[in-house]
Structures are given as C-alpha cells and as structure tokens.
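Open the model in your viewer and keep the selection tool at hand. We will go from the whole chain to single residues, one selection at a time.

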Amino acid sequence: MEMKHEDYYILEDQVSIPYENAYGLTWTRFFEGLKSEKIFGSRCGKCNRVLVPMRSYCPRCFIEIDDTIEVSQEGAIVAWVLTEYEYFGMPTKPPFIGALIRLDGTDCEFVHLVGGIDLSNPDQVRKTVKNGMKVRAVWKEEKKGHILDIKYFEPVK
Ligand SMILES: [Zn+2]
C-alpha cells in the first residue's frame with residue numbers, strides 16, 4: 001500500500017530539560033552590570049581586542065583576561081533576520097528581529113534584538129532595517145541580571 005506523508009501517524013509530545021548553568025565570576029559580573037544599565041566587555045592584554053559579553057580568556061590568544069571595561073551602548077547592525085514563526089524556547093514572541101550588533105569600540109558582534117520599529121509589514125521592514133544602521137540599547141524598567149534587561153536595540157534617529 002502506497003502511503004503519502006500526510007497519512008503517517010504523528011506523535012506530538014514535549015521534552016523538558018531543567019538545568020542550572022553556573023556563570024562563574026566573569027559572566028556573573030557581566031549580568032550584574034546589566035542590572036545597573038552597564039554593558040561590560042573584556043580587553044585582551046595581548047591582542048587588545050575588546051570582547052562583549054565579557055570573556056574569561058581570549059579565544060584568539062588563549063590567555064586569561066582580567067581587564068573589564070564598560071562598553072558603548074550604541075553600535076551598528078552587522079547582520080539581522082526577521083523572525084515571524086514561533087518555535088519552542090524562543091526568548092520573545094515573534095515577530096522580532098535578531099541581530100549581530102558591533103558595539104562602538106568593540107571587536108566582536110553582540111547578539112541581541114532590534115526593536116522600536118513597526119514589524120507588521122516584512123517588505124517595509126526590509127526597506128527600513130539595513131546593515132550598518134546605528135542602534136542603541138533600550139533598557140527594561142525592571143532588571144533581573146538577564147540578557148533581556150536590555151529590551152532591544154532601537155535605531156538612532
Ligand atoms: Zn587576544
């Protein structure tokens with residue numbers, strides 16, 4: 001008997017994996033900074049690159065980093081994607097824009113959301129949001145020491 005894909009039985013289920021992630025000193029400092037609206041990065045003493053979020057070591061030089069600096073809350077979009085479909089475990093409800101943002105004075109991309117713009121029309125979003133566009137952090141009123149204490153990055157007018 002020939003079966004089509006839509007004839008197959010489908011088991012719908014859900015798997016939940018509770019876990020704890022120990023942040024250690026470096027990430028604890030980073031998330032503490034968010035509570036007071038500061039974004040902390042680390043400067044490598046050898047290659048001088050500024051990495052954000054903070055790192056305990058430089059992944060290029062393989063040396064320990066203990067130079068913490070507050071970085072700019074403004075930067076430029078390097079790449080972005082408009083997400084319209086929802087899947088399990090998303091940090092926020094779609095539609096939203098996930099982006100790689102190069103904060104001013106840093107040497108790597110910071111992954112976050114871009115908001116403060118109308119996302120109802122994808123064609124309009126593509127005309128509005130461009131790589132290289134300047135953005136700045138918008139903070140939530142209540143902070144928890146979580147990456148989403150930064151609500152999103154909004155275009156700088
Ligand atoms: Zn380095």
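Here is the tour, stop by stop.

Two notes before starting: residues are numbered from 1 along each chain as its sequence is written. This is a predicted model, in which local features need pLDDT of at least 70, side-chain atom pairs count only at pLDDT 80 or more, and totals for chains, interfaces and linings use all residues.

**The whole chain**

The protein chain has two helices and eight strands; helices (H or I, at least four residues) and strands (E, at least two) are DSSP runs, numbered from the N terminus. Along the sequence they follow the pattern α-β-β-β-β-β-β-α-β-β. The radius of gyration, taken over C-alpha atoms, is 19 Å, well over the 15 Å that the globule rule gives for 157 residues, so the chain is more spread out than a compact globule. That rule is 2.2 Å times the number of residues to the power 0.38. The C-alpha trace spans about 70 × 40 × 35 Å along its principal axes. Of the 157 residues, 19% count as buried, meaning that 20 or more other C-beta atoms lie within 10 Å of the residue's own; exposed means 12 or fewer, partly exposed is in between, and C-beta atoms are placed from the backbone.

**Helix H1**

Now select residues 24-35, helix H1. At 1.5 Å a residue, its 12 residues should span 16 Å, and the end C-alpha atoms are 17 Å apart, which agrees; the expected span is 1.5 Å times one less than the number of residues. Show the side chains of Phe30, Gly33 and Leu34, the buried residues of H1. Looking down the axis, you will find the buried residues within an arc of 105°, so they line one face of the helix; the arc is that of the directions from the helix axis to the C-beta atoms. They pack against E1 and strand E8 (150-155), with contact defined as C-beta atoms, placed from the backbone, within 7 Å. On the face turned away, look for the exposed residues Gly24 and Leu25.

**A three-stranded sheet**

Next, colour the open sheet with the order E2-E1-E3 and antiparallel pairing. E2 and E3 stand at the edges with a single partner strand each, so one side of each is left without a neighbour in the sheet. Strand E1 (residues 40-43) pairs with E2 over two bridges; strands count as paired if DSSP finds at least two bridges between them. Zoom in on Arg43, whose bridge partner in E2 is Val50.

**Strand E4 and its partners**

Move to E4 (residues 74-83), joined by three bridges to the antiparallel strand E7 (residues 134-139). Gly75 has Val135 as its bridge partner there. Eight bridges join E4 to strand E5 (residues 96-103), again antiparallel, and Trp80 stands opposite Ala99 in E5.

**The largest nonpolar core**

Select Val52, Ile101, Leu103, Val114 and Phe153: of the 18 residues in the largest nonpolar core, these touch the most other members. Such a core is a set of buried Ala, Val, Leu, Ile, Met, Phe, Trp, Tyr and Cys residues joined through C-beta atoms within 7 Å. E5 gives the largest share, four residues.

**Last stop: Glu64**

Is Glu64 buried or exposed? Glu64 is exposed, with 12 other C-beta atoms within 10 Å. Look for Glu64 in the loop between strand E2 (50-51) and strand E3 (68-70). Beyond its neighbours within four places in sequence, Glu64 contacts Ser56 and Tyr57.

Technical notes:
Two residues are in contact if their C-beta atoms, placed from the backbone, lie within 7 Å.
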